[in-house]
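Visitor: I would like to learn how to read a few features of a protein model. Please take them one at a time.

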Amino acid sequence: MGVVNVTPDSFSDDGRHFDRQVAIDHGLQLIAEGADILDIGGESTRPNAPEVRLEEELRRVLPVIEALAAHHVPLSIDTSKPEVMRRALAAGAVIVNDVRALQEPGAVETVAASDCGVVLMHMQGTPRTMQADPHYDDVVADVGGFLRARFEVLRAASVAAERVLLDPGFGFGKTLEHNLRLLARLRALDVPAPLLVGLSRKSMLGAVTGRGVRERVHASVAAALIAVQNGAQVVRVHDVAATRDALALWAAVQARDQDPKNTDA
(Lines give C-alpha, C1' and ligand atoms only; values in the text may rest on other atoms or scores of the structure.)
Protein backbone atom coordinates (compact mmCIF):
# COMPACT_ATOMS: atom_id res chain seq x y z
CA MET A 1 0.00 0.00 0.00
CA GLY A 2 1.59 3.25 -1.17
CA VAL A 3 0.95 6.48 0.74
CA VAL A 4 -0.39 9.64 -0.91
CA ASN A 5 -0.69 12.43 1.68
CA VAL A 6 -2.68 15.40 0.37
CA THR A 7 -1.86 17.50 3.43
CA PRO A 8 0.32 20.53 4.16
CA ASP A 9 1.58 19.08 7.45
CA SER A 10 2.41 15.42 6.89
CA PHE A 11 5.26 14.24 9.11
CA SER A 12 6.80 12.18 6.32
CA ASP A 13 7.04 14.59 3.39
CA ASP A 14 6.61 18.11 4.81
CA GLY A 15 3.52 18.66 2.65
CA ARG A 16 5.35 18.09 -0.64
CA HIS A 17 2.24 16.45 -2.14
CA PHE A 18 -0.31 19.01 -0.93
CA ASP A 19 -0.65 20.43 -4.44
CA ARG A 20 -3.35 18.46 -6.25
CA GLN A 21 -1.35 17.70 -9.39
CA VAL A 22 1.76 16.84 -7.41
CA ALA A 23 -0.30 14.37 -5.37
CA ILE A 24 -1.72 12.80 -8.53
CA ASP A 25 1.74 12.54 -10.09
CA HIS A 26 3.06 10.99 -6.89
CA GLY A 27 0.29 8.40 -6.97
CA LEU A 28 1.16 7.55 -10.58
CA GLN A 29 4.81 7.20 -9.59
CA LEU A 30 3.91 4.79 -6.80
CA ILE A 31 1.84 2.75 -9.26
CA ALA A 32 4.85 2.62 -11.59
CA GLU A 33 6.97 1.41 -8.67
CA GLY A 34 4.56 -1.46 -8.07
CA ALA A 35 2.05 -0.30 -5.47
CA ASP A 36 -0.87 -2.73 -5.18
CA ILE A 37 -3.05 -0.16 -3.36
CA LEU A 38 -2.88 3.63 -2.97
CA ASP A 39 -3.93 5.13 0.36
CA ILE A 40 -5.08 8.74 -0.04
CA GLY A 41 -5.46 10.98 2.98
CA GLY A 42 -6.39 14.62 3.45
CA GLU A 43 -5.93 14.99 7.21
CA SER A 44 -2.63 14.46 9.02
CA THR A 45 -2.75 12.07 11.98
CA ARG A 46 0.73 12.90 13.28
CA PRO A 47 0.96 13.72 17.03
CA ASN A 48 -0.69 17.06 17.86
CA ALA A 49 -2.13 17.39 14.35
CA PRO A 50 -5.06 19.84 14.14
CA GLU A 51 -8.44 18.66 12.92
CA VAL A 52 -9.43 19.46 9.34
CA ARG A 53 -12.93 20.66 8.48
CA LEU A 54 -15.11 18.34 6.40
CA GLU A 55 -15.28 20.67 3.40
CA GLU A 56 -11.52 21.11 3.32
CA GLU A 57 -10.81 17.39 3.57
CA LEU A 58 -13.21 16.72 0.69
CA ARG A 59 -11.58 19.48 -1.37
CA ARG A 60 -8.20 17.85 -0.87
CA VAL A 61 -8.96 14.21 -1.58
CA LEU A 62 -11.84 13.95 -4.06
CA PRO A 63 -10.03 15.33 -7.15
CA VAL A 64 -7.04 13.07 -6.44
CA ILE A 65 -9.27 10.00 -6.09
CA GLU A 66 -11.17 10.86 -9.26
CA ALA A 67 -7.94 11.29 -11.22
CA LEU A 68 -6.30 8.09 -9.96
CA ALA A 69 -9.42 5.88 -10.16
CA ALA A 70 -8.90 5.49 -13.89
CA HIS A 71 -5.56 3.73 -13.40
CA HIS A 72 -6.97 0.41 -12.19
CA VAL A 73 -5.19 0.27 -8.83
CA PRO A 74 -7.46 -0.04 -5.77
CA LEU A 75 -7.74 3.24 -3.88
CA SER A 76 -8.11 3.58 -0.13
CA ILE A 77 -9.44 6.68 1.62
CA ASP A 78 -7.66 7.42 4.89
CA THR A 79 -10.33 9.18 6.96
CA SER A 80 -12.49 8.94 10.07
CA LYS A 81 -15.36 11.09 8.77
CA PRO A 82 -18.38 9.13 7.47
CA GLU A 83 -19.24 11.82 4.90
CA VAL A 84 -15.70 11.72 3.49
CA MET A 85 -16.00 7.93 3.35
CA ARG A 86 -19.27 8.14 1.40
CA ARG A 87 -18.04 10.76 -1.05
CA ALA A 88 -14.68 9.04 -1.58
CA LEU A 89 -16.33 5.69 -2.28
CA ALA A 90 -18.64 7.37 -4.80
CA ALA A 91 -15.58 8.98 -6.44
CA GLY A 92 -13.79 5.66 -6.94
CA ALA A 93 -12.20 4.55 -3.67
CA VAL A 94 -12.83 0.91 -2.73
CA ILE A 95 -11.31 0.75 0.78
CA VAL A 96 -11.91 2.80 3.93
CA ASN A 97 -8.84 3.10 6.18
CA ASP A 98 -9.83 4.54 9.56
CA VAL A 99 -7.36 5.27 12.36
CA ARG A 100 -10.35 5.48 14.74
CA ALA A 101 -11.64 2.03 13.75
CA LEU A 102 -15.08 3.32 12.70
CA GLN A 103 -15.92 4.71 16.13
CA GLU A 104 -17.32 8.00 14.81
CA PRO A 105 -21.15 8.09 14.70
CA GLY A 106 -22.37 6.72 11.38
CA ALA A 107 -19.04 5.23 10.30
CA VAL A 108 -19.99 1.57 10.76
CA GLU A 109 -23.29 2.17 8.95
CA THR A 110 -21.48 3.85 6.06
CA VAL A 111 -19.17 0.90 5.54
CA ALA A 112 -21.94 -1.65 6.03
CA ALA A 113 -24.05 0.04 3.35
CA SER A 114 -21.27 -0.41 0.77
CA ASP A 115 -19.20 -3.33 -0.47
CA CYS A 116 -15.87 -1.67 0.28
CA GLY A 117 -12.90 -3.10 2.10
CA VAL A 118 -12.11 -1.63 5.50
CA VAL A 119 -9.04 -1.19 7.69
CA LEU A 120 -9.62 -0.91 11.44
CA MET A 121 -6.69 0.59 13.37
CA HIS A 122 -5.91 0.72 17.08
CA MET A 123 -5.14 4.12 18.59
CA GLN A 124 -4.95 5.05 22.26
CA GLY A 125 -6.38 8.57 22.61
CA THR A 126 -6.51 10.98 19.66
CA PRO A 127 -3.79 12.40 17.42
CA ARG A 128 -3.65 15.44 19.71
CA THR A 129 -3.30 13.42 22.93
CA MET A 130 -2.03 9.96 21.98
CA GLN A 131 1.63 10.45 22.87
CA ALA A 132 1.05 12.28 26.16
CA ASP A 133 1.52 9.22 28.38
CA PRO A 134 0.54 5.95 26.67
CA HIS A 135 0.06 3.07 29.08
CA TYR A 136 -1.01 -0.57 28.73
CA ASP A 137 -1.33 -3.49 31.11
CA ASP A 138 -0.06 -5.67 28.24
CA VAL A 139 0.24 -3.88 24.90
CA VAL A 140 -0.10 -7.05 22.81
CA ALA A 141 -3.14 -8.32 24.71
CA ASP A 142 -4.76 -4.87 24.89
CA VAL A 143 -4.30 -4.07 21.18
CA GLY A 144 -5.37 -7.54 20.12
CA GLY A 145 -8.48 -7.35 22.29
CA PHE A 146 -9.46 -3.97 20.87
CA LEU A 147 -9.07 -5.17 17.28
CA ARG A 148 -11.09 -8.32 17.92
CA ALA A 149 -13.86 -6.26 19.51
CA ARG A 150 -14.03 -3.82 16.59
CA PHE A 151 -14.03 -6.74 14.14
CA GLU A 152 -17.05 -8.18 15.96
CA VAL A 153 -18.85 -4.83 15.70
CA LEU A 154 -18.49 -5.05 11.92
CA ARG A 155 -19.59 -8.66 11.81
CA ALA A 156 -22.69 -7.70 13.83
CA ALA A 157 -23.38 -5.09 11.15
CA SER A 158 -23.26 -7.86 8.51
CA VAL A 159 -19.87 -6.81 7.08
CA ALA A 160 -18.22 -9.93 5.64
CA ALA A 161 -15.02 -11.00 7.37
CA GLU A 162 -13.10 -11.09 4.09
CA ARG A 163 -13.62 -7.32 3.68
CA VAL A 164 -11.63 -6.50 6.84
CA LEU A 165 -7.98 -5.76 7.58
CA LEU A 166 -6.71 -4.97 11.08
CA ASP A 167 -3.91 -2.53 11.93
CA PRO A 168 -2.17 -2.48 15.36
CA GLY A 169 -1.44 1.24 14.92
CA PHE A 170 2.29 1.61 15.35
CA GLY A 171 3.08 5.03 16.81
CA PHE A 172 -0.53 5.82 17.69
CA GLY A 173 -0.51 6.10 21.47
CA LYS A 174 2.51 3.87 21.99
CA THR A 175 6.03 4.28 23.33
CA LEU A 176 9.10 2.91 21.57
CA GLU A 177 9.00 -0.13 23.82
CA HIS A 178 5.32 -0.72 23.00
CA ASN A 179 6.03 -0.48 19.28
CA LEU A 180 9.01 -2.85 19.39
CA ARG A 181 7.09 -5.38 21.44
CA LEU A 182 4.16 -5.29 19.03
CA LEU A 183 6.44 -5.77 16.04
CA ALA A 184 8.20 -8.70 17.69
CA ARG A 185 4.91 -10.37 18.64
CA LEU A 186 2.53 -9.59 15.77
CA ARG A 187 1.30 -13.17 15.58
CA ALA A 188 0.45 -13.08 19.30
CA LEU A 189 -2.21 -10.43 18.58
CA ASP A 190 -4.35 -13.43 17.62
CA VAL A 191 -6.75 -11.47 15.44
CA PRO A 192 -9.44 -12.89 13.10
CA ALA A 193 -8.47 -10.94 9.96
CA PRO A 194 -5.27 -10.19 8.02
CA LEU A 195 -2.90 -7.60 9.43
CA LEU A 196 -1.99 -4.33 7.76
CA VAL A 197 1.09 -2.67 9.24
CA GLY A 198 2.30 0.92 8.84
CA LEU A 199 5.85 1.52 10.07
CA SER A 200 7.25 3.58 7.22
CA ARG A 201 9.46 6.52 8.32
CA LYS A 202 7.91 6.60 11.81
CA SER A 203 9.56 8.11 14.86
CA MET A 204 10.28 4.69 16.39
CA LEU A 205 12.69 4.12 13.50
CA GLY A 206 14.34 7.45 14.19
CA ALA A 207 14.63 6.57 17.88
CA VAL A 208 16.46 3.34 17.01
CA THR A 209 18.68 4.67 14.20
CA GLY A 210 19.09 8.36 15.05
CA ARG A 211 18.02 9.25 11.50
CA GLY A 212 15.74 12.08 10.40
CA VAL A 213 12.41 11.40 8.69
CA ARG A 214 13.75 11.60 5.14
CA GLU A 215 16.71 9.35 6.06
CA ARG A 216 14.70 6.37 7.26
CA VAL A 217 14.28 4.46 3.99
CA HIS A 218 16.57 1.60 5.00
CA ALA A 219 15.01 1.25 8.45
CA SER A 220 11.53 1.44 6.90
CA VAL A 221 12.30 -1.37 4.47
CA ALA A 222 13.76 -3.48 7.26
CA ALA A 223 10.69 -2.85 9.43
CA ALA A 224 8.34 -3.84 6.59
CA LEU A 225 10.30 -7.05 6.04
CA ILE A 226 10.21 -7.92 9.75
CA ALA A 227 6.46 -7.24 9.81
CA VAL A 228 5.84 -9.58 6.87
CA GLN A 229 8.06 -12.24 8.42
CA ASN A 230 5.98 -11.93 11.58
CA GLY A 231 2.65 -12.30 9.81
CA ALA A 232 1.61 -8.96 8.24
CA GLN A 233 -0.07 -9.35 4.86
CA VAL A 234 -0.18 -5.69 3.81
CA VAL A 235 2.45 -3.03 4.49
CA ARG A 236 1.67 0.68 4.17
CA VAL A 237 4.81 2.41 2.90
CA HIS A 238 6.18 5.60 1.37
CA ASP A 239 9.07 3.88 -0.46
CA VAL A 240 7.28 1.37 -2.65
CA ALA A 241 10.10 0.32 -5.00
CA ALA A 242 12.64 -0.33 -2.25
CA THR A 243 10.10 -2.27 -0.17
CA ARG A 244 8.95 -4.40 -3.10
CA ASP A 245 12.56 -5.32 -3.97
CA ALA A 246 13.29 -6.44 -0.42
CA LEU A 247 10.08 -8.47 -0.19
CA ALA A 248 10.65 -10.04 -3.62
CA LEU A 249 14.05 -11.33 -2.51
CA TRP A 250 12.65 -12.58 0.79
CA ALA A 251 9.80 -14.38 -1.03
CA ALA A 252 12.23 -16.00 -3.47
CA VAL A 253 14.37 -17.33 -0.61
CA GLN A 254 11.28 -18.55 1.27
CA ALA A 255 10.08 -20.41 -1.82
CA ARG A 256 13.40 -22.20 -2.23
CA ASP A 257 13.61 -23.04 1.45
CA GLN A 258 10.15 -24.65 1.38
CA ASP A 259 10.69 -26.57 -1.87
CA PRO A 260 11.18 -30.28 -0.99
CA LYS A 261 13.23 -30.71 -4.17
CA ASN A 262 15.71 -28.13 -2.98
CA THR A 263 18.18 -30.28 -1.03
CA ASP A 264 21.89 -29.78 -0.55
CA ALA A 265 24.10 -32.02 -2.67
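Visitor: Is Ala-101 buried or exposed?

Guide: Ala-101 is buried, with a relative accessible area of 0%. Buried means under 20% relative accessible area, exposed over 50%, and partly exposed in between, with a 1.4 Å probe and protein chains only. This is a predicted model, in which local features need pLDDT of at least 70 and side-chain atom pairs count only at pLDDT 80 or more, while totals for chains, interfaces and linings use all residues. Residues are numbered from 1 along each chain as its sequence is written, and side-chain values use heavy atoms, with hydrogens and water left out.

Visitor: What is the phi of Ala-101?

Guide: Most residues other than glycine have a negative phi. Phi of Ala-101 is near 55°, a positive value. Ala-101 lies in the loop between S4 and H4; helices (H or I, at least four residues) and strands (E, at least two) are DSSP runs, numbered from the N terminus. Asp-190, also not a glycine, has a positive phi of about 55°. Asp-190 sits in the loop between helix H6 (176–184) and strand S7 (196–198) and counts as exposed, at 58% relative accessibility.

Visitor: How do I read a strand such as S5, and which way do its residues point?

Guide: In a regular strand the side chains alternate between the two faces of the sheet. From S5, Gly-117, Val-119 and Met-121 point one way and Val-118 and Leu-120 the other way, and all are buried.

Visitor: Which strands pair with S5?

Guide: Two strands pair if DSSP finds at least two bridges between them. Strand S4 (residues 95–98) pairs with S5 in the parallel sense over four bridges, with Gly-117 as the bridge partner of Ile-95. S5 also pairs in the parallel sense with strand S6 (residues 164–167), over four bridges, and there Met-121 stands opposite Asp-167.

Visitor: And a helix: which residues of H1 are buried?

Guide: An α-helix has 3.6 residues a turn, so residues three or four places apart point the same way. In H1, the buried residues include Ala-23, Ile-24, His-26, Gly-27 and Leu-30. They cover an arc of only 160° around the axis, which puts them on the same side of H1; the arc is that of the directions from the helix axis to the C-beta atoms.

Visitor: What covers the buried residues of H1?

Guide: The cover includes strand S1 (2–5), strand S2 (38–41), helix H2 (54–68) and helix H9 (240–258), where contact means heavy atoms within 4.5 Å.
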